[in-house]
Amino acid sequence: MKTQHSSVAIVVSRLAGLAALAFCWASPSLVLAAEPQLRVAVYENLDYPLNIFDKNHQLIGGVQKDFTDQLAKKLSTQVSYAPYSRRRIESVVIQGDADIMCYSSPAWFDLPKEVSWTAATFPQVERVVVMAEKTSIEMVPQQLEGKKIVLQLGYHYPQIASQLTEGKIKRVDLTDVPSMFRLLALGGGDAMVSSDGEIEGYFKNFPEKRVLYKVSKTPFSVVQTQCALSHKSTWKLEQINSAIQFLQETGEMDRIMRKYGLSMR
């Protein structure tokens, strides 16, 4: 009788094992769910070519998505995106509600030591924009003194920080680049400062407006942007940097920039 009971127990055990294995094969999503995702926070107010949102404000394209999609591919993981305001995005990463945010810099962060900073990714080149009939502004900050400059709310501008503090330059803050262009056209400012990407994004959406404005040839600033990695993330800085290096060495980073009419230099 002992032998019979033991045989039955062995058969039942094997059947249970086969059933569990079959369940796993039938439910691959459960296996994938156990893998850590790369949770990416993106600026909700950045438009083409950096971000492309659909009508439901879901990220569907742009430099940042193409870059982090390839980053996640190299890390062999899934990626998810969530848009946040400029005021919230830093705290989201610091608190660990997102693993990473890119297109940033320690100089732009209020608490840069609260996150880890990756290797440089792609540059942000800012330029000064004036109305077409105005004199170009190629020397900054000297040529900006005594003028009303339209800037983005919440952004840091170390090149003119002392002039802003001393009142030599009057700052007019707006939340988005299209509004900055409109205010400039209405005479609400003498000049505005924005990045190459955002300027070209505006002219892509409104090509007839290009002739109304003049963009400086001399950069206002050049920043080699980085990604901010949460200290609370399960991903390690070495993993992220290794993936970034791979994208640079294989030319993938340059290909992404060229796709949107931008340059790595």
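The following legends describe close-up views of a predicted model.

**View 1. The crossing of helices α3 and α8.** Helix α3, made of residues 63-74, and helix α8, made of residues 237-249, have axes that come within 9 Å and cross at roughly 115°. That angle makes α3 roughly perpendicular to α8, and the crossing in which α3 passes α8 is right-handed. On the α3 side the contact is formed by F67, Q70, L71 and K74, which meet I240, A243, I244, F246 and L247 of α8. Sorted by class, this contact of α3 with α8 has 7 nonpolar, 1 polar and 1 charged residues.

**View 2. The disulfide between C102 and C227.** The count for the model comes to 1 disulfide, which joins C102 to C227 with an S to S distance of 2.1 Å. The pair links distant parts of the chain, with C102 in strand β5 (residues 100-104) and C227 in strand β13 (residues 226-230), 125 residues apart. The torsion about the S-S bond of C102 and C227 is about 100°, so the disulfide is right-handed. Both cysteines, C102 and C227, are buried.

**View 3. Y103 in strand β5.** Y103 has its place in strand β5, and its phi is positive, at about 55°, although Y103 is not a glycine. With a relative accessible area of 5%, Y103 is buried, because a residue under 20% is counted as such. For comparison with the backbone in general, most residues other than glycine have a negative phi, and most peptide bonds are trans.

**View 4. The loop between β1 and β2.** N45 is found in the loop that runs between β1 (38-43) and β2 (52-53), and P49 is found in the loop between β1 and β2 as well. The peptide bond that joins Y48 and P49 is cis, with an omega of about 5°. Although N45 and D176 are 131 residues apart in sequence, they are 6.2 Å apart in space, taken from C-alpha to C-alpha. Leaving aside residues up to four places away in sequence, N45 touches Q152, Y155 and T175.

**View 5. H57 in the loop between β2 and β3.** H57 has its place in the loop between β2 and β3 (59-61), and it has a positive phi of about 60° although it is not a glycine. The relative accessible area of H57 is 31%, and H57 is therefore partly exposed.

**View 6. The buried residues of helix α6.** In helix α6, which comprises residues 177-185, the buried residues are V177, S179, M180, F181 and L184. These buried residues of α6 pack against the strands β7 (123-131), β8 (148-152), β9 (170-174), β10 (191-195) and β11 (213-215), and against helix α7 (196-205). Just after α6, G187 takes a positive phi of about 85°.

View 7. T218 lies in the loop between β11 and β12 (221-224), where its relative accessible area of 36% makes T218 partly exposed. Between T218 and V128 there are 90 residues in sequence separation and 8.4 Å in space, C-alpha to C-alpha. When residues up to four places away in sequence are not counted, T218 touches R127 and E138. The peptide bond from V140 to P141 is cis, with omega near 5°, and the place of P141 is in the loop between β7 and β8.

Methods: Residues numbered from 1 in each chain as written. Predicted model: local features only at pLDDT ≥ 70, side-chain atom pairs only at ≥ 80, totals over all residues. Heavy atoms only, no water. Axes fitted to C-alpha atoms, helices over the stretch in contact; angles between N-to-C directions. Helix = DSSP H or I, 4+ residues; strand = E, 2+ residues; numbered from the N terminus. Parallel < 35°, antiparallel > 145°, perpendicular 65-115°, else oblique. Left-handed = near helix turned anticlockwise from the far one by under 90°. Contact = heavy atoms within 4.5 Å. Nonpolar A, V, L, I, M, F, W, Y, C, P; charged D, E, K, R; others polar. Disulfide = S-S within 2.5 Å. Buried < 20%, exposed > 50% of the residue type's maximum accessible area, 1.4 Å probe, protein only.
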